[in-house]
Amino acid sequence: MTATDPKAVVTRYVEAVRDGDLPAVRDSFAPDATWTYPGDLPISGTHEGRTATLEDFLGAVGPLIRPGTTVIELTHAFADGDQVLAEWTSTA
């Protein structure tokens, strides 16, 4: 699995969020990325582009979490070509 393999990118993203590695989180998104968070929460919606995803979605999540309380465990990652499904548990 190479660093540009889609499954490796998603796995590294989850690990970067877990580790608080903000440069790696940013590098996980293509400039034209689309992020959709379902539901009716204040952070729900579709974010177009890396900047919107990082600032509007992830930036909105940060203030909701008390530093040092986040635990993330990647439980499964499945890939079919460019599509990746990742399942993880998180508490904060």
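Analyst: We may begin with A79, which touches K7 and V84 when residues up to four places away in sequence are not counted. Please note that this is a predicted model.

User: What makes K7 and V84 count as contacts of A79?

Analyst: Contact requires heavy atoms within 4.5 Å. A79 meets this condition with K7 and with V84. A79 itself belongs to strand 3, residues 71-80.

User: Why is A79 called partly exposed?

Analyst: Buried means under 20% relative accessible area and exposed means over 50%, with partly exposed in between. A79 has 45% relative accessibility, so A79 counts as partly exposed.

User: Why are Y13 and F29 called buried?

Analyst: The cut-off for buried is under 20%. Y13 has 8% relative accessibility and therefore counts as buried. F29, at 9%, also counts as buried.

User: Why is the pair of Y13 and F29 called edge-to-face?

Analyst: The structure holds five aromatic pairs. In the pair of Y13 and F29, the ring centres are 5.4 Å apart and the planes stand at 80 degrees, so the pair is edge-to-face. The centres of a pair must lie within 6.5 Å, and planes over 60 degrees apart count as edge-to-face.

User: What makes this pair a tie between parts of the chain?

Analyst: Y13 lies in helix 1, whereas F29 lies in the loop between helix 2 and strand 1, so the pair ties together parts that are 16 residues apart in sequence. Ring pairs also link Y13, F29, W35, Y37 and F57 into a cluster.

User: Which residues have the most contacts inside the largest nonpolar core?

Analyst: They are Y13, V25, F29, W35 and F57, in a core of 13 residues. Helix 1 (6-19), helix 2 (22-27) and helix 3 (50-61) each supply at least two residues of this core. Leaving aside neighbours within four places in sequence, F29 is in contact with Y13, W35, R50, T53, L54 and L58.

User: What makes a residue part of the lining of the largest pocket?

Analyst: A lining residue has an atom within 4 Å of a pocket point. For the largest pocket, with a volume of about 850 Å³, 30 residues form the lining, and V17, L58, V61, I65 and I72 lie nearest its centre. Helix 3 gives the largest share of this lining, five residues.

User: How do you know that residues 10-91 carry a domain name?

Analyst: The name comes from UniProt, where an unreviewed entry places the feature "domain: SnoaL-like" at residues 10-91. Over residues 10-91 the chain is 34% helix and 33% strand.

Notes
Residues numbered from 1 in each chain as written. Predicted model: local features only at pLDDT ≥ 70, side-chain atom pairs only at ≥ 80, totals over all residues. Heavy atoms only, no water. Core = buried A, V, L, I, M, F, W, Y, C linked by side-chain atoms within 4.5 Å. Buried < 20%, exposed > 50% of the residue type's maximum accessible area, 1.4 Å probe, protein only. Helix = DSSP H or I, 4+ residues; strand = E, 2+ residues; numbered from the N terminus. UniProt positions renumbered as here; feature names shortened; annotations may be inferred. Phe/Tyr/Trp six-rings, centres within 6.5 Å; stacked < 30°, edge-to-face > 60°. 1 Å grid on protein atoms, 1.4 Å probe; cavity = no way out; pocket = protein on both sides within 12 Å on 5 of 7 lines; lining within 4 Å. Points joined across faces, edges and corners; volume = space filled by probe spheres on them.
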